[in-house]
Amino acid sequence: MLFNSYVFLFSFLPVVLLGWWTLPGKNARLLFLTATSCLFYGWWDFRFVPLMLISSFADYFAGARVHAARTQRAKKTWLVLLLAFNLGILGYFKYTNFFLDSLEGLGRQLGADVHLSALEVILPIGISFYTFNSISYTIDVYRGHLRPVKSALQFSAFVTMFPHLVAGPIVRYSDMNDQFSSLPPRPAADHWVLGTWFLVLGLAKKMLLADVIANNFVTPLFENVDGLQFVGSWLAALGYTLQIYFDFSGYSDMAVGLAFYLGLRFPKNFDSPYKAHNVSEFWRRWHMSLSFWLRDYLFIPLGGSRSSKLLTARNLAVTMLLGGLWHGAAWTFAVWGIYHGALLALHTSAKAMGWVPRSAALSVTITFLAVVVGWVFFRAATLSEAASVLQAMGGLRGLEAPSALSALLLQKAMLVFVFGFVAVFLAPNTWEIRKRRSWSAAAVLAGVMFVCVLRLGEESPFLYFQF
Amino acid sequence: MADQQDVPRVQARIDPRDRRFAQAFFGIFLGSCFLVAAASVVLDPLATFGTGAVTPVVWLDRDQKAQAYARLWPKPELLILGSSRVMKARPARVAQIAGVGSAFNFAVNSARAEDHAAILRMVADIGGGRVTHLLIGVDPECFHDNSPPDPRLEKSRHFRPYVDGLLPATKLNLGEQLLSLQALESVEKSLRHVVFGQGAPRSGVFDDLGFLSYPEWEEQQRRGVFVLAPNVQKSLHEYRIRYANFRSLDPKRLAAFREMLERARVLGAVVSAFIPPLHPDMVAAMQDTTLAVRTAETRALLASLERERLLEFHDFESIAAFGGRPDEFFDGAHLTEASTTKLVTKIYQRSHAVQ
């Protein structure tokens, strides 16, 4: 089920809110939330609901076993078993065919006639998210940062709750424990205010910005990669840079808003990432829940930046490579991850040597352009497609004829494109916007919501659903 | 993990402004939705609910043409199929050019492959014995992979017996019927016509043989005051939207098209197919869309169906190929009768030459 759909906004959400705020008792409410969240998930494909519940129960059980284990060795054993189980599921569904294709390709490169049949594996949506949610819980219990939750119902509600289930943010149990322990008994008016601001702005970012840019620039241009020249390739790359930000941050905003409607608080996931002065700051502002997860559960355990420059660079490369592959089972994602790992290592070295621009504007521009180049790999279907786009961006495929240029640039959607740029560089983000409670603010938000609803018929899933 | 705790705090005390905000937001939003939804049901501009207090803004062309065809006796030997882009093929003239006794223009607005298949099922059922020729204008959009079947086919009383297996299982798209841009625009158009008498709900009229007239445009042409350029721009806007999510030729629609051709073969009808041309300015302006790619794919498809002897494909790379001119259009996509006649003449000249 999509947030931007009639069935979600006019059927599912009202029913969920009515049940959530009228059912008596915490357990009834958590059971209701879990059940409706399973319905939300199963709307896509009900066959994968048991997998999600099994994964959730495995972490609940492992957390209890880890905490109860008497020796460090036993704790570690349970943790390793849990990781093997969760990563095994993720690996099977997400990476099996990638692994088989890569082996086949390698075999052919070496001259062997290798044929490995691809398996008919459907990738369950949200598996990357709910798996990481659950893993963080067990690791935190193992580290002693968290006591295991007693209620399996409470834990399953945490894993399955629909606002963050299929595309994040990756919420940690420590963020939700106190909230679930003391659920507000009735809705507070300012929950509705904050929730409405986040929900409407998120929906508008997705439908009025991301989708317009995608339909008018990104999709048609990337469908004709071989024909791209200088301006078209930059429009495609810059367009995707805007699209992925508005799409993903829009979803996160909606998730935060929906959580507020339930009386819950989610953490921030985007903090104006394109305003970053360097790539390290970019990763503290972009998909924050994932980058902090990778930092706490991968980068730091590998050694972080505590050892030599070479080892730090290695740790960055491994973390970002795995971070890239988390997004998708394709070499383009791996290259994107390695590219960002290299940028991070480069920034660390440059900073140590004092080679950083003094001008903030220059820093932001360089960082932004570096990120744009990375997005080309993220969006391209293959590495050769990415190379074609980058060649065109470098001017190696010439400049468009004047008639083609005017067709590209003189379209109404260019206004949205320009507005998008102004918004990402100059405007406050959703968290920074002053959430006025005036009658006029309510009217404007209602108008924006109404316009978005009129466009719901043009179904478009969120980009991060595919991860 | 302190940076994970960056969440806004909510207040414990209820501020009256918050309550007023929430009331204002939900009141205005839900009120607006209710108004549009109610108008969509009461006015029923798209003839969706059968409640229509006013003339529908949408043509119920499929039912109109089915009724007209059913009334004909004897049944025509030649059928013209396609979208609105072939509605200016005058049946009597086409019959004369093709050397047959009679023809009927069964083209329907926004025709998709399932429309052609349903039409031929009906024709086979009630008049198939007489059909010897099919002339079909194949728009690439006929095989659109992201455009649902036309609701006028789904709701058609006359085609109901003939759509089995052609339409997807009915999805509840009540939301789209009540609350969408199309619903709002249709309500607005309907209200303007009812209240102010502005804008005829339809811009064209069919005769008994399915031939289309554009009363307003043709009158302007007769008076020498017709201006083509703004109409081309309007078409460009519409076609950009159509092609924005047109990513490939849909396999189900290809199958429906093939079914139509197989049925034509069983009926013994010779099928002549062509891709209706667009105005050259439209084609040039849509270079950055998927139009060229989808057209090439459609061309390749028709060529391959010709090799299977399911049809004769008449490929006109440009309007000059059949003697057409850029000023022989009503807008970016719809040829005038004169240009359509030239195209049909060329088709049957080639066809007779081959024979």
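This is a predicted model: local features need pLDDT of at least 70, side-chain atom pairs count only at pLDDT 80 or more; totals for chains, interfaces and linings use all residues.
Start with how helices meet. Two packed helices are described by the angle between their axes and the distance between the axes. Find helix 9 of chain A, residues 230-261. Then find helix 14 of chain A, residues 360-379. The two pack at an angle of about 90 degrees. Their axes lie 9 Å apart. That angle makes helix 9 of chain A roughly perpendicular to helix 14 of chain A.

Now look at the side chains where these two helices touch. Helix 9 of chain A brings A:W234, A:A237, A:L238, A:Y240, A:T241 and A:I244 to the contact. Helix 14 of chain A answers with A:F368, A:L369, A:V372, A:W375, A:V376, A:F378 and A:R379. What classes of residue make up this contact of helix 9 with helix 14 of chain A? Eleven are nonpolar, one is polar and one is charged.

Helix 1 of chain A covers residues 6-22, and helix 18 of chain A covers residues 439-454. Their axes come within 10 Å and cross at roughly 115 degrees. On helix 1 of chain A, the residues in the contact are A:Y6, A:L9 and A:F10. On helix 18 of chain A, they are A:M449, A:V453 and A:L454. This contact has six nonpolar residues, with no polar and no charged ones.

Go back to helix 9 of chain A and pick out one residue, A:A259. Is A:A259 buried or exposed? At 1% relative accessibility, A:A259 counts as buried, because the cut-off for buried is under 20%. Which residues does A:A259 touch, beyond those up to four places away in sequence? They are A:P163, A:L264 and A:F266. A:A259 and A:H191 are 68 residues apart along the chain, and their C-alpha atoms are separated by 9.0 Å.

Compare another alanine, A:A334. This residue is found in helix 13 of chain A, residues 331-352. A:A334 also counts as buried, at 1% relative accessibility. Leaving aside neighbours within four places in sequence, A:A334 is in contact with A:L321 and A:L325. Now take A:A334 and A:V149, which are 185 residues apart along the chain. Their C-alpha atoms are separated by 36 Å.

Turn to chain B for an overview. Chain B has 355 residues, and 50% of them count as buried. Its secondary structure comes to 13 helices and seven strands. Consider the contacts in chain B between residues at least 6 apart in sequence. Of these, 78% join residues at least 24 apart. The accessible surface of chain B comes to about 16500 Å². Carbon and sulfur atoms account for 56% of that surface.

Next, the cysteines. The closest cysteine sulfur to that of A:C452 is in B:C33, 11 Å away. A disulfide needs sulfur atoms within 2.5 Å, so this pair is too far apart for a bond. A:C452 is buried, with a relative accessible area of 0%. B:C142 is buried too, with a relative accessible area of 1%.

Finally, follow the backbone through some loops. A cis peptide bond joins A:G168 and A:P169, with omega about 5 degrees. A:P169 lies in the loop between helix 6 and helix 7 of chain A. Chain B has a cis bond as well, from B:W73 to B:P74, with omega near -5 degrees. B:P74 sits in the loop between helix 2 and strand 1 of chain B.

Positive phi values are the last stop. A:S272 is not a glycine, yet its phi is near 50 degrees. A:S272 is found in the loop between helix 9 and helix 10 of chain A. B:R309 is not a glycine either, and its positive phi is about 65 degrees. B:R309 lies in the loop between helix 12 and strand 7 of chain B.

Definitions and conventions. Residues are numbered from 1 along each chain as its sequence is written. Chains are lettered from A and ligands numbered from 1 in the order in which they are written. Side-chain values use heavy atoms; hydrogens and water are left out. Buried means under 20% relative accessible area, exposed over 50%, partly exposed in between (1.4 Å probe, protein chains only). Axes are lines fitted to C-alpha atoms, for helices over the stretch in contact, and angles run from 0 to 180 degrees between N-to-C directions. Helices (H or I, at least four residues) and strands (E, at least two) are DSSP runs, numbered from the N terminus. Angles under 35 degrees count as roughly parallel, over 145 as roughly antiparallel, 65 to 115 as roughly perpendicular and the rest as oblique. Contact means heavy atoms within 4.5 Å. Ala, Val, Leu, Ile, Met, Phe, Trp, Tyr, Cys and Pro count as nonpolar, Asp, Glu, Lys and Arg as charged, and the others, Gly among them, as polar. Accessible areas come from the Shrake-Rupley method with a 1.4 Å probe; for residues, only the protein chains shown count as cover.
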